[in-house]
Amino acid sequence: MPASPGGQVADLPIDVEVERLSADGEGVASWNGRALFVPDALPGEVVRVVPSVEGKVQRGRLLDVLRPAPERIVPGCPLAGTCGGCDWLHIDPAAQRRERERAVRAALERLGGVDLSRVTWLPTVAAGDLGTRRRADLTWTGTVLGYLHRRSHDPVPVAHCPALVGPLADLPGRLAPLLLPLGRRLRAVRLLAEEGKVSVALSLAGAVSPRAREVALAVVRAGLRGVVLVPGAGASEDVGRPTLRGPAPLRPEVSLLFRPEAFAQAHGEGTPLLVERALDLLAPNRDQAALELYAGNGTFTFGLAGRAASVLAVESSALSVRLAAAASTGAGLGNVRFVQGEAKNVCRGLVKEGRRFDLLLADPPRAGAPGLGPLARDLGVRRLVYVACDPGALARDAAALTGAGFRLTTLQLVDMFPGTHHSEALAAFESGPE
């Protein structure tokens with residue numbers, strides 16, 4: 001008999017109808033009067049699963065789809081269902097975009113308590129599906145490269161990844177033989193492509209050794225631009241020329257600088273679209289001072305600086321600040337200043353100094369931007385665009401912004417994570433009443 005709540009695993013499969021998708025992109029059905037989470041299942045489908053209870057959560061292992069949804073497609077990757085890199089390859093891309101919109105809307109209304117009745121919701125924009133990711137984080141088993149299994153820390157070996165851009169797609173399989181001499185001294189590998197060139201970062205368990213340098217040189221000789229050796233402690237070492245260059249979105253005369261150990265937006269073709277839409281919503285002009293938080297290597301900074309009077313860009317990563325400042329200096333820009341520090345601490349300092357900004361653009365990590373609402377208010381911000389990669393964090397920060405006197409005016413998603421449940425949302429806020 002199937003296990004009841006508090007049990008472990010059912011011996012017999014059960015048939016259930018999927019009602020909706022969870023915030024993590026899994027199908028949700030009902031069993032024993034509670035939610036049953038079923039990966040790879042879609043709303044409206046009747047599926048056969050083996051249920052189990054993991055702590056307080058009920059899960060179903062999918063055996064068969066008895067009544068498929070119209071949105072179900074054949075995944076474009078043989079590892080779909082096991083690899084943790086892409087969890088929505090079985091969903092039609094248009095349906096993926098609809099589900100992401102639903103997830104963002106649900107988070108804002110339920111978690112944030114935000115009234116969306118007067119918010120303008122613009123259609124999601126996209127720039128390609130599979131084959132668009134320009135960076136990847138791979139684990140190393142000692143013999144092969146791969147991603148982590150969807151629901152565990154077990155590695156899934158990968159020789160070819162169709163989610164990656166052309167120069168990277170076959171690289172996991174090509175690199176593995178070259179990395180064998182490092183054995184377990186190698187922990188992980190980060191891949192980065194820009195303008196057809198590729199560099200990698202090798203994360204080591206200990207110090208940089210002569211053997212690691214030899215392996216890095218072999219990788220460069222195999223056709224890569226450069227390698228960064230990242231030790232467990234101490235300074236990194238470059239072999240070859242791992243710093244890559246590419247045109248800044250909306251400012252092609254500015255060369256953005258990229259390194260594989262630093263953050264970069266994953267969707268190369270989608271990034272210019274993201275920047276364009278964000279700046280259109282922010283609507284800067286030549287008389288306005290702008291504050292940018294979580295600026296990274298300058299993805300939004302230079303396009304913003306081309307439209308605003310001045311930009312103060314804040315970023316916590318010293319490496320990203322060095323890359324952004326070098327790009328600015330190389331382009332001879334005079335209206336951009338970069339500050340390294342935690343966004344919240346820098347903003348508090350600016351408030352104490354009596355600084356004021358007309359505009360604010362924030363692109364925080366998945367954890368969100370704690371304290372953003374009161375700080376934006378105290379800095380005199382009149383218009384703000386929040387770039388969100390997590391619906392829950394967006395909901396929490398949107399609630400804080402509305403509590404600080406801002407009103408949400410416009411929402412739009414940009415499809416930056418095709419094949420996955422992850423979303424990228426642009427939320428525009430204005431200060432004061434309508």
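Biologist: Of the contacts between residues at least 6 apart in sequence, what share joins residues at least 24 apart?
Modeller: That share is 62% in this chain. Keep in mind that we're looking at a predicted model.

Biologist: Okay, and how many helices and strands are there?
Modeller: The chain has ten helices and 24 strands.

Biologist: How much of the chain is buried?
Modeller: Of the 434 residues, 53% count as buried.

Biologist: What about charges, how far apart are the mean positions of the positive and negative ones?
Modeller: They are 5 Å apart, counting 50 positive and 45 negative charges.

Biologist: Let's zoom in. Where is T124?
Modeller: T124 sits in the loop between β7 (120–121) and β8 (125–126).

Biologist: And why does T124 count as buried?
Modeller: Its relative accessibility is 19%, and the cut-off for buried is under 20%, so T124 makes it into that group.

Biologist: Which residues does T124 touch, leaving aside neighbours within four places in sequence?
Modeller: T124 is in contact with R97, E101, L413 and D415. With E101 there's also a polar contact between the side chains, at 2.6 Å.

Biologist: Switching to A308: buried or exposed?
Modeller: A308 is buried, with a relative accessibility of 1%. You'll find A308 in the loop between α6 (301–305) and β19 (310–315).

Biologist: What is A308 in contact with, past its neighbours within four places?
Modeller: The list for A308 is P284, N285, R286, Q288, A290 and N335. E269 is 39 residues from A308 in sequence, and their C-alpha atoms are 25 Å apart.

Biologist: Last one, V57. Which strand is that in?
Modeller: V57 is in strand β6, which covers residues 57–67. V57 is partly exposed, with a relative accessible area of 29%.

Biologist: Which contacts does V57 have, again skipping neighbours within four places?
Modeller: V57 has R34, F37 and S52 as contacts.

Biologist: And how far is V57 from T243?
Modeller: Their C-alpha atoms are separated by 45 Å, and along the chain V57 and T243 are 186 residues apart.

Definitions and conventions: Residues are numbered from 1 along each chain as its sequence is written. This is a predicted model: local features need pLDDT of at least 70, side-chain atom pairs count only at pLDDT 80 or more; totals for chains, interfaces and linings use all residues. Side-chain values use heavy atoms; hydrogens and water are left out. Helices (H or I, at least four residues) and strands (E, at least two) are DSSP runs, numbered from the N terminus. Buried means under 20% relative accessible area, exposed over 50%, partly exposed in between (1.4 Å probe, protein chains only). Contact means heavy atoms within 4.5 Å. Lys and Arg count as positive and Asp and Glu as negative; His and the chain ends are not counted. The place of a charge is taken as NZ of Lys, CZ of Arg, CG of Asp or CD of Glu. A polar contact is a pair of N or O atoms within 3.5 Å; within protein, one must be able to donate a hydrogen and the other to accept it, and residues adjacent in sequence count only if both atoms are side-chain atoms.
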